[in-house]
Amino acid sequence: MDELFQVKHRYIFAVTIYIVRHAKAGKRSEWHDDDNLRPLSPTGWKQAELVAERLKDLSITSLISSPATRCFQTLEPLAKLTKLSVQVDKRLLEHGDIADMLEVVQDVEDSAVLSSHGDMIPELIKTLERRGMEIKSKPDWRKASVWVVERTNRGFKSATAWPPPQVED
């Protein structure tokens, strides 16, 4: 009598997420309106264009931004190059709940680009590191830096920080 064996394969899928800290904006102390409306500075626009140049050939699938103008504007040059629209997600907003931001990065598709803030991104990366994600570079939290995060169906695997583009002020 022959025995029939079934081999079940478990496929591991990998997803790459790009998390961009918004580029330089005007000084908070000199802005007298709602801080979420504070726009990029001329230097910030240059940074945003250089970030877009770096990401444009990576088969980007979606652009998701905090509602803050400076985050949305950081993704605008990439939106033009990729012909994608920027979607707004309040879970990426400054002073938000990291659990909410974690939902976003757990659910986005491969090659998504997110734009958020200098308080949210470090907390997210540190949370993922505590959960076992490997940090493969020196952390970089500066404006217009990009975190490249690798996620699988088994969790967050690794993250690498790309430094911001150098722009003359």
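Q: Two strands pair if DSSP finds at least two bridges between them. In this predicted model, what makes strand β2 (residues 62-65) and β3 a pair?
A: They share three bridges. The rule asks for at least two, so β2 and β3 pair. The sense is parallel. In β3, Gln-87 is the bridge partner of Ile-64.

Q: How does the reach of α1 compare with the expected span?
A: α1 has 14 residues. From its first C-alpha to its last, α1 reaches 20 Å. That is close to the 20 Å expected at 1.5 Å a residue.

Q: Which residues of α1 are buried, and what covers them?
A: The buried residues are Thr-43, Gly-44, Gln-47, Ala-48, Val-51, Ala-52 and Leu-55. Their cover includes β1, α2 (69-82), β4 (112-116), β6 (146-152) and β7.

Q: Why is Ser-41 called buried?
A: Its relative accessible area is 16%. Buried means under 20%, so Ser-41 qualifies. Ser-41 lies in the loop between β1 and α1 (42-55). Leaving out residues up to four places away in sequence, Ser-41 touches Lys-24, Ala-25 and Gly-26.

Q: How many aromatic pairs are there by the ring-centre rule?
A: The count is two.

Q: Why is the pair of Tyr-18 and Trp-162 called tilted?
A: First, the distance: the centres are 6.0 Å apart. The limit is 6.5 Å, so the rings pair. Next, the angle: 40° lies between the planes. Stacked needs under 30 degrees and edge-to-face over 60, so this pair is tilted.

Q: What makes this pair a link between distant parts of the chain?
A: Tyr-18 belongs to strand β1 (residues 14-21), and Trp-162 to strand β7 (residues 155-162). They are 144 residues apart. Both Tyr-18 and Trp-162 are buried.

Q: How do you know that the charged end of Arg-54 is within reach of the ring of Trp-162?
A: The charged end sits 3.8 Å from the ring centre.

Technical notes:
Residues are numbered from 1 along each chain as its sequence is written. This is a predicted model: local features need pLDDT of at least 70, side-chain atom pairs count only at pLDDT 80 or more; totals for chains, interfaces and linings use all residues. Side-chain values use heavy atoms; hydrogens and water are left out. Helices (H or I, at least four residues) and strands (E, at least two) are DSSP runs, numbered from the N terminus. Buried means under 20% relative accessible area, exposed over 50%, partly exposed in between (1.4 Å probe, protein chains only). A charge sits over a ring if NZ of Lys or CZ of Arg is within 6 Å of the ring centre and within 35 degrees of the ring normal. Contact means heavy atoms within 4.5 Å. The expected span of a helix is 1.5 Å times one less than its number of residues.
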